[in-house]
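I opened this notebook to record what I looked up in the structure. The entries follow the strands and their pairing.

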Amino acid sequence: MLWGQRLNVATRLTSFPTNSTAFYSFEIQHSKIALYLSSGKWNYSYWEFQPTKSRNITFIELGSKGLEIFNDKYKKIAQISSFGTQFQPLRFLALGNKTGNMGLYFYSPEKRSFEAAFQALNTTCDLPLACRPYGICTLSNACSCIRLLTAKKGAGSDCNGGFSEGFCDKGQPEMLELSGVSSVLRTAPKRVNVSKETCENLCLQDCKCAAALYSAGKDGTSSRECFTYGLVSGVKQVERGTGLTFMVKVPNGTRVSHGKSNVKKWVLVMVGVIDGLIILLVIGGLGYCLVQRRRRRRRNMLASDNNNT
């Protein structure tokens, strides 16, 4: 989208990432402008901007200092401002092919290249496809696979362990529960005032559901919401204590607790080592006491013999 260009409501820009069936879109709607990830029939937003006071959008225009948003009376009601351009005007808006990030760009004479004055998403883990499907973007902005115990060892570099996201006519699946994990994907089907068990069953009973996110609030009782997803993407690690539980559907018999089994083994090993050290210390202490007693007896016997002589 070039400087001075307008886009009316109900229009969009699309961008196709390489080596993927999914694509991104930048869409202008009456209530907001948003970025979407589309894969098959699934369509999830991962960034949104809404004017204050719920004012409706009629068109947007790229100005010299930012993306301007107008209503039906040609009045500007909001603006996404650019930063760091100094005296350089914006030249274009672009949606990244690989990342899906939206940016406002200006030309830098010093660097002789186009630079981003604004980006919708500033961290790697907020990108919808920062990691492969069934991967988790960690707090260190690195990707880690969801740990699964699968029959296919070394099933390639995919994080799904060799099985697909479809579970229709494939037997009874089960849910793998991950704490401290959330999703950047929004506008997913939602149920409110439900329990975590109900949320889990909602996904299990829908063969097209691949994952579910349950939010119980920080206090564990408020905003009990259940979101269901048709794909396992945009998963990222969050700080614990947020009340979020992410559940992934996996084939029956393939799940392992995500890190819990290793923790349990580590605890058992440490307990065994500590118990062993305590026993050795006790035995060593008793042996030392016995040796000292024997030495004292010998000294007393030698002293009594010397006195007698």
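I began with Leu13, which stands opposite Phe26 in E3. The model is predicted, with local features needing pLDDT of at least 70, side-chain atom pairs counting only at pLDDT 80 or more, and totals for chains, interfaces and linings using all residues. Residues are numbered from 1 along each chain as its sequence is written, and side-chain values use heavy atoms, with hydrogens and water left out.

I noted that strands (E, at least two residues) are DSSP runs numbered from the N terminus, and that two strands pair if DSSP finds at least two bridges between them. Strand E2 (residues 12–15) runs antiparallel to E3 and is joined to it by 4 bridges. E3 also pairs with E4 in the antiparallel sense, over 6 bridges; the two form a hairpin with 4 residues between them. Ser25 has Tyr36 in E4 as its bridge partner.

**Ser38**

I located Ser38 in strand E4 (residues 33–39). Ser38 counts as buried because its relative accessibility is 6%. Leaving aside neighbours within four places in sequence, Ser38 is in contact (heavy atoms within 4.5 Å) with Thr21, Ala22, Phe23 and Asn43.

How values were computed. Buried < 20%, exposed > 50% of the residue type's maximum accessible area, 1.4 Å probe, protein only.
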